[in-house]
Amino acid sequence: MDEVEFLVIGSGSGLDVANVAVNNGQSVAVVEKGPLGGTCLNRGCIPSKMLLYHADVLETVERAGEFQIKTEVTGVDFAGIVREVNEDVREDAESIRRGLRSSDRHALYEGEGRFVDERTVEIAAGEDEGARIRAETVLIAAGTRPAVPDIDGIEAVEYLTSTEALQLETPPEHLVIVGGGYIAAELAHFFGTFGSEVTIIGRRPNLLPEADEAVAAAFTERYAERFTVHAGHAATAVSESGGAVTVEAEPYEYGEGVVEGETVTASGDALLVAAGRVPNSDTLNLEAAGVETDERGFVETDEYLRTTAEGVWALGDIVGEYLLKHSANHEAGAVAQNVFGDELRPVDYSAMPFAVFASPEVAGVGALEQDLREEGREYATRTYRYEDTARGSAMKAEGFVKPIIDLDGEILGCHVIGPEASNLVQEVVVAMTAGSGTVQDIRQSVHIHPALSEVVQRAFAGQFTRGGHSHAHEHSG
């Protein structure tokens, strides 16, 4: 049996902590069953956003006529785009692998790791099958995989998950997507821009149900103009015949109230299942390590990211707090501090932003209005539209910024739909985490004119409507 001081299962953000361990003079083992770099690099944000930028470029060219510029797209090398992106990803993963293999402080074990005892892992399959490693400290960072819902007939048909969709070298003629979250939204934008007819079937009343209700409603409306959208429907059966996949979907009851609508069917030459993700905890034999999971299978941790087993920590998607790469990086910093620092510090999730790189782009941070209303909390909110700024008008941009504050002016959240949403929301994140956390951080900062950031400035500068009621409330600070 090999013995090390620090062992990490997974080579995504967990590698950040492994490198801190090395810098602290510890011997380190890294266990990884797939390409190095984790989900983000190989199957997630990096390849998807690289591909999506190509769609953004094509969309910009196709909109040129709105600006009195005549253009013509004479061809698209779709296969070349996909191959170039995936080759870049493979090179990056291999670079990480070579770095670990050549390190005299890291030991790389390639294969599927499973616990066989406390802080003891065996490689059950893969290049290093049979190896056993025991460590003083173990970090579980093994991520998630695409969820496949229980749909009648799903096992008998060919379908794609996001993993396979990012490898397609020909866009489908008609892509049917089951799921209404950010993966469905982004891949609909990608394939739709490159010519696929797209049908989306989502269970919730709006697409992007984890976003603010006003943003989700506006996004769904825009997508319904681009694609066929069956919101409020759950896929119940799927079949395949003559190269076509057909999905049946029934009206789906979410929350209280009567479900309206009819059974719908959608057929296409490709089916994408984008119905969330499930943790890889079921592959790790966590019982042997004394590590407990919740009812969904995510690893239970305390506020410091310690699991229920002594000396075992966890971070990233497998913890299930936020399935976002920047959240995993944030957690890696917290684990490094808590394992190797002088004192324990809880993880601060108070201003964790998210973004959806679709068209329109969506981003947000902090509280959602629907949650505040359900909790009975007092708040005030307003919206300000892109087209009411000089830059937004010049861009012929559609969208809005929606800040949410408490009655003392503290920023509770901010939600954006429109161009550069992921960049615009960052100002608010900084205000919430590094500033006073109030509207004054935005109001008192000089904003470049006529930059797009003026839409954020003006959103925070006017009258707010209190708690969704009809009377106005202006915070004077």
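Which residue's side chain meets that of Glu 87 in a salt bridge? Point 2 gives the partner.

1. **Basis.** This is a predicted model, in which local features need pLDDT of at least 70, side-chain atom pairs count only at pLDDT 80 or more, and totals for chains, interfaces and linings use all residues. Residues are numbered from 1 along each chain as its sequence is written, and side-chain values use heavy atoms, with hydrogens and water left out.

2. **A pair within one helix.** The partner is Arg 90: its side chain meets that of Glu 87 at 3.1 Å, N to O. A salt bridge here is a side-chain nitrogen of Lys or Arg within 4 Å of a carboxyl oxygen of Asp or Glu. Both residues sit in helix H4 (residues 78-102), 3 residues apart, so about one helical turn separates them. Helices (H or I, at least four residues) and strands (E, at least two) are DSSP runs, numbered from the N terminus. Glu 87 is partly exposed at 34% relative accessibility. Arg 90 is partly exposed too, at 46%. The cut-offs are under 20% relative accessible area for buried, over 50% for exposed, and partly exposed in between (1.4 Å probe, protein chains only).

3. **A pair across the chain.** Arg 101 and Asp 128 form a salt bridge at 3.6 Å, N to O. This pair links distant parts of the chain: Arg 101 belongs to helix H4, Asp 128 to the loop between E5 and E6, 27 residues apart. Arg 101 is partly exposed, at 36%.

4. **A pair between strands.** Arg 132 bridges to Glu 122, with the closest N and O atoms 2.9 Å apart. Arg 132 is in strand E6 and Glu 122 in strand E5, so the pair ties together parts that are 10 residues apart in sequence. Arg 132 has a relative accessible area of 35%; Glu 122 has 25%. Elsewhere, shared partners join Glu 94, Arg 97, Arg 101, Glu 110, Glu 127 and Asp 128 into one salt-bridge network.

5. **The cores.** The largest nonpolar core has 50 residues. Such a core is a set of buried Ala, Val, Leu, Ile, Met, Phe, Trp, Tyr and Cys residues joined through side-chain atoms within 4.5 Å. Phe 6, Leu 7, Phe 115 and Ile 140 have the most contacts inside it. Elements that each supply at least two of its residues include strand E1 (2-9), helix H1 (14-23) and helix H8 (325-340). Another core, of 39 residues, lies apart from it, with Leu 175 and Leu 187 among its members.
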